[in-house]
Amino acid sequence: MTRLFALLGLVLITACTNANDLDEAPTYLGNFHFGHNVVVAPNLTKGPASREASKEEWIEAMTTAMSDRFGRYDGSKLYHLGVSVEGYVLAIPGVPILASPKSALILNVTAWDDAAGKKLNEKPHTVTVVESISGSTFLGSGLTQSKEKQMLNLSRNAAKQIQNWLENQNNDKGWFEDDGMPAKGKTGPAPEAPTETDAAAADEAPAPEAADATDQVVTAAKATQEPEAAAPVAE
């Protein structure tokens with residue numbers, strides 16, 4: 001718990017994320033198609049000077065945010081995302097400037113390749129977010145926003161950061177590329193249009209069998225229940 005609070009203190013100086021881009025085309029993620037949206041909160045911890053929010057409320061908020069952001073992708077392969085909400089601060093009203101806290105959220109995420117039946121990242125990736133800075137939150141969202149609004153903003157910011165992470169992994173490691181090669185720096189001519197023979201062969205080819213959905217959900221949920229805590233910030 002001490003380590004979690006130390007990390008929550010660190011995120012208060014982390015740069016904010018602009019998640020107000022859902023009306024724009026999603027960033028490139030290769031052949032990514034969103035499969036199971038697994039959100040759990042087995043180790044949920046409330047930080048200091050925070051409003052109260054239940055596991056169920058955080059699961060609902062994050063599930064919606066993940067669906068809104070990743071449901072827009074229509075690639076050719078299924079990938080599942082497992083999220084474990086670990087800790088939060090929902091700012092309460094305080095003295096402006098001097099003692100008005102900022103809202104923060106910390107979670108772990110694991111990505112799964114459905115066809116391969118395995119995790120893409122062996123260790124859960126930790127995501128930390130703080131509330132977006134705006135005219136209404138400059139003095140602290142506890143003074144101007146309801147708990148529900150704070151949770152909405154944090155969840156959307158978290159989903160955006162997860163998208164940024166996946167984009168970086170695809171650029172560097174080719175997670176969602178058909179050829180498995182890093183997407184960054186790829187150049188070359190546009191692929192040739194399929195011939196009539198290719199099209200006929202594709203029509204006759206049997207569809208690949210999807211991995212058992214129940215097994216994927218259970219395994220993903222178990223994977224997110226044992227995250228590795230980040231080390232405390234050095235004094």
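The model is predicted, so local features need pLDDT of at least 70 and side-chain atom pairs count only at pLDDT 80 or more, while totals for chains, interfaces and linings use all residues. Residues are numbered from 1 along each chain as its sequence is written, and side-chain values use heavy atoms, with hydrogens and water left out.

**Overall make-up**

Six helices and six strands make up the secondary structure of the protein; helices (H or I, at least four residues) and strands (E, at least two) are DSSP runs numbered from the N terminus. Read from the N terminus, the order of elements is α-β-β-α-β-β-β-β-α-α-α-α. Of the 235 residues, 40% count as buried, meaning under 20% relative accessible area with a 1.4 Å probe and protein chains only. The accessible surface is about 12,700 Å², and carbon and sulfur atoms hold 54% of that; the areas come from the Shrake-Rupley method with a 1.4 Å probe. Among contacts (heavy atoms within 4.5 Å) with a separation of 6 or more, 77% link residues 24 or more positions apart.

**Helices H2 and H4**

Two packed helices are described by the angle between their axes and the distance between the axes. For H2 (residues 55-70) and H4 (residues 147-173), the angle is about 45 degrees and the axes are 9 Å apart. Axes here are lines fitted to C-alpha atoms over the stretch in contact, and angles run from 0 to 180 degrees between N-to-C directions. H2 and H4 are therefore oblique to each other, the class left once angles under 35 degrees (roughly parallel), over 145 (roughly antiparallel) and 65 to 115 (roughly perpendicular) are set aside. On the H2 side the contact includes Trp58, Met62 and Phe70, and on the H4 side Met151, Leu154 and Leu166 are among the partners. By class, this contact has twelve nonpolar, two polar and five charged residues; Ala, Val, Leu, Ile, Met, Phe, Trp, Tyr, Cys and Pro count as nonpolar, Asp, Glu, Lys and Arg as charged, and the others, Gly among them, as polar.

**Two buried residues**

Val85 sits in strand E3 (residues 77-89), while Gly47 belongs to the loop between strand E2 (45-46) and H2. Gly47 is buried, with a relative accessible area of 5%, and Val85 is buried at 0%. Leaving aside neighbours within four places in sequence, Val85 touches residues including Val39, Leu44, Trp58, Met62 and Ile106.

Here are two C-alpha separations for these residues.

| Pair | Places apart along the chain | C-alpha separation |
|---|---|---|
| Gly47 and Ala91 | 44 residues | 9.7 Å |
| Val85 and Thr45 | 40 residues | 8.8 Å |

Key. Buried means under 20% relative accessible area, exposed over 50%, partly exposed in between (1.4 Å probe, protein chains only).
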